[in-house]
Amino acid sequence: MNDEAEILRLVGLALGLSPAAVHKGLTSEDVPAWDSLAHITLVGLLEEHLGTRFHENEIAELVSIEAILATMARRARGDCDN
Amino acid sequence: MRTADILSYLAANRERIAAAPGFRVLVLRDVTVEPLAAPLRYCLAEHGLRAEVTFGGYGTAVQDAMRATGAKWDLVLVFFALEELAPDYDVTGLDAAEVAERLRQELESIAAACQATVLVPTFPPPLSGYPLRRDPGLADQIRAVNDRLREAVHGAPYPVRLLDLALVLGGLGWERALDPRSWYLHRLPFSGAALQLIAREAALLGAEQRGHLKKCIVLDCDDTLWGGIVGEVGPERIELHPREFPGSAFYDFQKRLVALSKQGILLCLCSKNDEEQVFAVLDRHPHCRLRREHLAAWRVNWRPKPENLRELAEELGLGLDSILFVDDQPRELEAARMLFPDICCVLTPQERHALPALLDRFFSIAEPQEEDLRRLVAVQADATRLRERARHGGSLDAYLASLATVASVHRMRREEVARACRLSQRTNQFNLTMRRYSEGELLNRCQDPSYAAFTLSVRDRFGDLGLVGVLVARRENATAEIEALFVSCRALGRNAEDAFTRACLDDLRKQWRPSRWRAAYMAAARNGQVERFWERFNFSAMRTDAGTKILEADQIRTAEALGRHVELTD
């Protein structure tokens, strides 16, 4: 499974969504369950599975799947603060 | 365990969990702890319970408890934070006595309002770290607060337990247990790994309350108790050694098992092997820590393991749901699971270093309570009783006389409340009204003069069965009403339930002098055997209210013949 598919799966798992309901365009504004507490769980899941640790400034920005993918891509290029 | 595994498990088992008995947890807190909910649901599900978790507001523990009065909580978790209790404590220091006294008062208010067992964690080190000029005094002050909190909990006249975070999170260390990033971002002090360990301990307390704790470990031998196949390599060449890996992992696993057996957990073998080979290891291997005397029973033969498991459960008088079955072969576990879905199956890890801690999640690191220890040890005596009964052939009278049963009946004492509560939660067969009590409710009934609560403890020449019965009565004007009567199935079949009831009714007659008696029988799935119980005491059915038969009597009869072969003491 590539990172993108894995991220979609983890977002679904953290927010209690079926796989069909999760797509690349999903943002926290679309999903009532994506509140600040679910966000904590989602960040923990992503860190556990992707073997990364987000910078404290990144965490509040991970509010859409696009943003998560972009952050991971930036990290893959080594273009991050930590 | 990873968070994803927990969430996947909860999603995959949604229906099964939904059908399990509910367990209501109220979380009162000064800090963010919501991510505790998923591991708590997972851990309670492992014990056959469905968690219903409710979180209070921030810093409003007592107010939330007051608002939650009457909601029938099973457990109240209270997360106080020194950062909220004394915001400048890392600069100004702590007055341990003052903080502990405030906590004591708040816990007392919470326990009184919620009428449930309260679980309160000790305080960790400051999340901001110790002050730059290291002040050893602050660490001492936090330790002093925790010591005083422990004293307050131990002496409390209400049901409260301490969750010693230094013990529970000791394996992680504070570095991995506390998360400053989460603290500053979300006011969440604990890491995910720490929350899982806290959830595990809270769930064990829940399982203990409901009588869902595992009582027996059934073990395979080859590649479980030692490395290698003893039938192939011989006892001398199996892997089992105090220092040499992988034998050292098996050696330490055996040490843990022996320690559990000393806490009253029953150990059994279920192995496809020649018995002679297995006992050559247990009796003579120089590094084998598990010996024949640690075993409650065994089935070492070539028969299918599910058959052996069923026999072991019958021999020990245990429900299959109280058994942990440990094996290195997934197909053996699957066969057991297929036939007995209630058995908890545990696969030995492929990486041997993980073996010693394999069963940690099933057993609390808190010390077992004395009453539970006695009850578990009593199971071993039950097997002896079964053999004794067979020896007496068909004569029940001769068998009962040979047991020399002594029943101790007295008003419920403070230290008996926790055990009586658990008994009320799990007794289904000899239970007249199916009334389930929280510790708080029972404590109230011990203190309120309009109630009388009695306990029955039984011993015989084979051992001590411990506290096995409870009767609760309520006085209303001149009427004595039996609110609850339940006796553990372990103590049935020896007339102790008759002797107990007779002694309680005699006591009530002398103390309350009632002119009218009232009792009830509520029909449930498994208590058909007691439908006519009250007739033995001259009660007559008057009416049925919502499925409950109400019985009354002007005068009760307590004939000497009831309770034959049972000696009563106070």
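How many other C-beta atoms lie within 10 Å of Arg187(B), and is this residue buried, exposed or partly exposed? Keep that question in mind as you open the viewer; the tour comes back to it. One thing to know before you start: this is a predicted model.

**Stop 1: the domains of chain B**

Begin by colouring chain B by domain. Domain 1 spans 3-209, domain 2 spans 216-362 and domain 3 spans 386-569. If you mark the centres of domain 2 and domain 3 of chain B, taken over C-alpha atoms, they are 39 Å apart.

**Stop 2: the cores**

Next, select Val76(B), Val78(B) and Ile110(B). These belong to the largest nonpolar core, which has 137 residues, and they touch the most other members. Which domains of chain B does the core lie between? Both domain 1 (3-209) and domain 3 (386-569) contribute residues, so the core lies between these two.

Zoom in on Val78(B) and show its neighbours. Leaving out residues up to four places away in sequence, Val78(B) touches Leu28(B), Ala61(B), Leu107(B), Ile110(B), Val118(B) and Val120(B). Then move on to a second, separate core of 40 residues, where you can pick out Cys216(B), Trp226(B), Leu266(B) and Leu355(B) among the members.

**Stop 3: where the chains meet**

Bring chain A into view. The contact between the chains uses 12 residues from chain A and 12 residues from chain B. On chain A, select helix H1 (3-15), helix H2 (36-50) and helix H3 (56-59), each of which supplies at least two residues of the side that touches chain B. Which of them gives the largest share? That is H2(A), with 7 residues. Colour this side of chain A by residue type and you will find 7 nonpolar, 3 polar and 2 charged residues.

**Stop 4: helix H1 of chain B**

Select residues 3-12 of chain B, which form helix H1. Here Thr3(B), Ile6(B) and Leu7(B) are buried. Look down the helix: these residues cover an arc of only 95° around the axis, which puts them on the same side of H1(B). What do the buried residues pack against? Their partners are H1 and H2 of chain A, together with helix H3 (37-46) and H12 of chain B.

**Stop 5: helix H3 of chain B**

Select Ala38(B), Pro39(B), Leu40(B), Arg41(B), Tyr42(B), Cys43(B), Leu44(B) and Ala45(B) to see the buried ones. Their cover includes H1, helix H2 (14-18), strand S1 (22-29), strand S2 (50-58) and H12 of chain B. After H3(B) comes Gly48(B), with a positive phi near 80°.

**Stop 6: paired strands**

Now go to strand S18 of chain B, residues 548-553. Strand S16 (residues 516-522) of chain B pairs with S18(B) in the antiparallel sense over 6 bridges. Strand S17 (residues 540-545) of chain B also runs antiparallel to S18(B), joined by 5 bridges. Click on Glu552(B): in S18(B), this residue is the bridge partner of Arg518(B) and of Ser540(B). The hairpin of S17(B) and S18(B) has 2 residues between the strands, and Ala546(B) takes a positive phi near 45° there.

**Stop 7**

Most residues other than glycine have a negative phi, and most peptide bonds are trans.

- Pro246(B) is in the loop between helix H13 (230-233) and helix H14 (247-262) of chain B. The peptide bond from Phe245(B) to Pro246(B) is cis, with omega near 5°.
- Asn495(B) sits in the loop between strand S15 (479-487) and helix H22 (496-512) of chain B. Its phi is positive, near 70°. Asn495(B) is partly exposed, with 19 other C-beta atoms within 10 Å.
- Arg187(B) is in the loop between helix H11 (180-186) and H12 of chain B. Its phi is positive too, near 65°.

And here is the reply to the opening question: Arg187(B) has 17 other C-beta atoms within 10 Å and is partly exposed.

Key:
Residues are numbered from 1 along each chain as its sequence is written. Chains are lettered from A and ligands numbered from 1 in the order in which they are written. This is a predicted model: local features need pLDDT of at least 70, side-chain atom pairs count only at pLDDT 80 or more; totals for chains, interfaces and linings use all residues. A nonpolar core is a set of buried Ala, Val, Leu, Ile, Met, Phe, Trp, Tyr and Cys residues joined through C-beta atoms within 7 Å. A residue is buried if 20 or more other C-beta atoms lie within 10 Å of its own, exposed if 12 or fewer, and partly exposed in between; C-beta atoms are placed from the backbone. Domain bounds come from an automatic or database domain assignment. Two residues are in contact if their C-beta atoms, placed from the backbone, lie within 7 Å. Helices (H or I, at least four residues) and strands (E, at least two) are DSSP runs, numbered from the N terminus. Ala, Val, Leu, Ile, Met, Phe, Trp, Tyr, Cys and Pro count as nonpolar, Asp, Glu, Lys and Arg as charged, and the others, Gly among them, as polar. The arc is that of the directions from the helix axis to the C-beta atoms. Two strands pair if DSSP finds at least two bridges between them.
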